[in-house]
Amino acid sequence: MKCDILIIGAGPAGIFTALELLKKESRKQIIIVEKGKAIEKRKCPKAATGHCMQCAPCHITTGFSGAGAFSDGKLSLSCEVGGDLPELIGTDKAQDLIHYTDQIYLSFGADTKVEGIQYTEEIKAIRKRAIMAGLKLVDCPIRHLGTEKAQEIYFSIEQYLISKGVEILFESECRDLILEENKCIGGYISRKGKDTEIYASYTIVAAGRRGAEWLESRCEAHGVEHLPGTVDIGVRVEVRNEIMEQVNNVLYESKLIGYPKPFKNKVRTFCQNPGGFVSRENYDNNLAVVNGHSFKEKKSENTNLAILCSHNFNEPFNQPIAYAQKVGELTNMLGAGQILVQRFGDILDGKRTWEKELSRSNIRPTLSDAVAGDITAAMPYRAMTNIIHFIEAVDLVVPGFAAAETLLYSPELKFYSNRIKMDADLRTNIKGLYCLGDSSGWTRGLMMASAMGVLMGRKIVEQEEN
C-alpha cells in the first residue's frame, strides 16, 4: 500500500493532524493505523459484568481518540498545563495553538462553558492557603466535555474524517517502521492476521501513552535520538464531594504542585473529577492501572484525583518506563490482579485496610472491584513518603483531605518518559519520521496533544508549499 501520510495511532495528536490537513485543503492521501476499534464499537464490558474482563487490547485505552474517549474529557486551556511543548515552540505560539484547537472542539459540539474563571476572589483565597502550605496553585481554565459527551464529539470527528476520504485501518497494529538509508519510508502493519507494508512520504507516530514503550523500543532499534525523561508514579485519591466542594465549585480542577521534604521531588495533583468515578485500565502484559473520569450528567457522591510523584533517572539507569511497570506489577500481585485500595489513616497507622473497615466509612469506593490491602508494600519508599507529606500539605488548603477515611488507590502510572529529540518544526534526526503527542514525551493530555497535531498538519502544508 502507498499513501502520502501514514499516521500511527488515532489518538488526539493523529486525529488533529488529519483535521488540520483537511482544513488547509490538502489533497494528500492519509492513512491512519489504529490498534483498537472505531469509537462506536468501543464498549467496556465491565458495566454489564461488574468486573474487568481484561480485554486485549483494552477498550478504554485503545481505539479511535485513544484514552480520551473514556476519560472525563477535560481540555486545559492554558499552555502552563499539559506538557513541555511550549519549551519547543515558544509560549505564545503554544497558547495560540490551544485557542485555535479549542475552536475546533467547539465546532464539533464541545460545551461552551469554561470552568475556573468566574470566582476571582475565591481563587485568591485558595491560592493564599496553598502558599501557606508550601504549594503552588495553577488555576487553569477548563472546558469539561464529560465522558459521554467526549465520545459523541470524537464520533463526529471520526465520521468527518472518513467522509473526507481519510482511510482509517482499525484493529491494525504497526509492528515496526520501515527505514532506508536513514530515512523513514513507512511501516510494517499487521491487520486481521496478515502483514502488509504501507509506504509514505511522511510517517507520523502518535501512539499515546500506551504506545510509549513500543516507540522507545523502535527508537533504540533505528537510532532515533531520544532521552529518557520523567515517569510519574502515584495514587488515585477519593474523598466525599463535601470535602472538595469549594474547590470543585470555584476551580473545578485544582492543580497543586509541591516539593515536599525530605526528597523535594515534584509532586502534583492531576485529573480531578468532581462527582466522578474511579476506573481501571489495562495495559500490555495485563498490567492494571487506576484512573478516573466524570460524566456530564451521571454523578457520584465522591471526587477523585491523582497525586503523582515525578521520577527522573540518569546514568547508569535509563529505563524509567520499565521501572514504573515493575511497581505496577508488584502492586497488581498484592491485589491478585486487581487495583489495591487503602485508607489514608491505615497507612499512617502502619496497617493494611480490610473490606469490613471500608464498609464503615462515609466514603463508598466507586471502583467496586478494588481490593482492600496495603499499597505501601509495593510503593517505593521515596514515592510513598512524598505522597504522604503532599496529602498533609493539601489538607491545609482543603481541610479534611487528609482524613483517616480518605481512600488511596494504586497503581496510578503515567508512561510518557521517552522524549524524542526534535526541532521546532517537529523534525527528528530520521528524515520522514515525526513523533507526536504523549508517546513523544512532549505532551500530557488531550488539549496539548491535539494542538501538537494541528502544528504537524501546518508543518506538512508549509513543507509542500516550499
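Start at strand β14 (residues 277–283), which gives the most to the lining of the largest cavity, with three residues. Bear in mind that this is a predicted model. The largest cavity has a volume of about 120 Å³, and 13 residues line it. If you want to find its centre, look for Cys44, Cys52, Cys58, Ile60 and Asn282, the lining residues that lie nearest to it.

How many cavities of 30 Å³ or more does a search of the whole structure find? There are three. The second largest cavity has a volume of about 80 Å³. Its lining is made up of Arg209, Arg210, Glu213, Tyr283, Asp284, Asn285, Ile321, Gln325 and Phe415. Sort those residues and you get three nonpolar, two polar and four charged.

Now for an open space. The second largest pocket holds about 500 Å³. It is lined by 19 residues, and Cys44, Lys46, Ala47, His293 and Phe295 are the ones nearest its centre. The elements that give two or more residues to this lining are α2 (46–49), α6 and β14. Which element gives the most to the lining of the second largest pocket? That would be β14, with four residues. So far, then, β14 has turned up as the top contributor to the lining of the largest cavity and to that of the second largest pocket. The pocket lining divides into eight nonpolar, seven polar and four charged residues.

Take α4 (residues 91–107): at 1.5 Å a residue its 17 residues should span 24 Å, and the end C-alpha atoms are 25 Å apart, which agrees. The buried residues of α4 are Ala94, Leu97, Ile98, Thr101, Asp102, Ile104 and Tyr105. Why do they sit on the same side of α4? Because they cover an arc of only 155 degrees around the axis. After α4 comes Gly109, with a positive phi near 110 degrees.

Follow that contact over to α1. This helix has twelve residues and reaches 16 Å from its first C-alpha to its last, close to the 16 Å expected at 1.5 Å a residue. Here the helix is mostly covered, with eleven of its twelve residues buried. The buried set is Pro12, Ala13, Gly14, Ile15, Phe16, Thr17, Ala18, Leu19, Glu20, Leu21 and Leu22. What covers them includes β1 (2–8), β2 (30–33), α4, α6, β9 (194–205) and α13. Just after α1, Glu25 takes a positive phi of about 60 degrees.

That brings us to the backbone. Most residues other than glycine have a negative phi, and most peptide bonds are trans. Against that background, a few places are worth a stop. Ala56 and Pro57 are joined by a cis peptide bond, with omega about 0 degrees, and Pro57 is in the loop between α2 and β3. The peptide bond from Lys261 to Pro262 is also cis, with omega near 5 degrees. Pro262 lies in the loop between β12 (255–258) and β13 (267–273).

Stay in that loop between β12 and β13, where you will find Lys264. Its phi is positive, near 60 degrees, in a residue other than glycine. Is Lys264 buried or exposed? It is exposed, with a relative accessible area of 51%. Move on to strand β13 and you reach Cys271, which has a positive phi of about 55 degrees although it is not a glycine. Cys271 counts as buried, at 10% relative accessibility.

Key:
Residues are numbered from 1 along each chain as its sequence is written. This is a predicted model: local features need pLDDT of at least 70, side-chain atom pairs count only at pLDDT 80 or more; totals for chains, interfaces and linings use all residues. Side-chain values use heavy atoms; hydrogens and water are left out. On a 1 Å grid over the protein atoms alone, a cavity is a set of points where a 1.4 Å probe fits but cannot get out, and a pocket is an open set with protein on both sides within 12 Å along at least five of seven lines; lining residues have an atom within 4 Å of a point. Grid points are joined across faces, edges and corners, and a volume is the space filled by probe spheres set on the points. Ala, Val, Leu, Ile, Met, Phe, Trp, Tyr, Cys and Pro count as nonpolar, Asp, Glu, Lys and Arg as charged, and the others, Gly among them, as polar. The expected span of a helix is 1.5 Å times one less than its number of residues. Buried means under 20% relative accessible area, exposed over 50%, partly exposed in between (1.4 Å probe, protein chains only). The arc is that of the directions from the helix axis to the C-beta atoms. Contact means heavy atoms within 4.5 Å.
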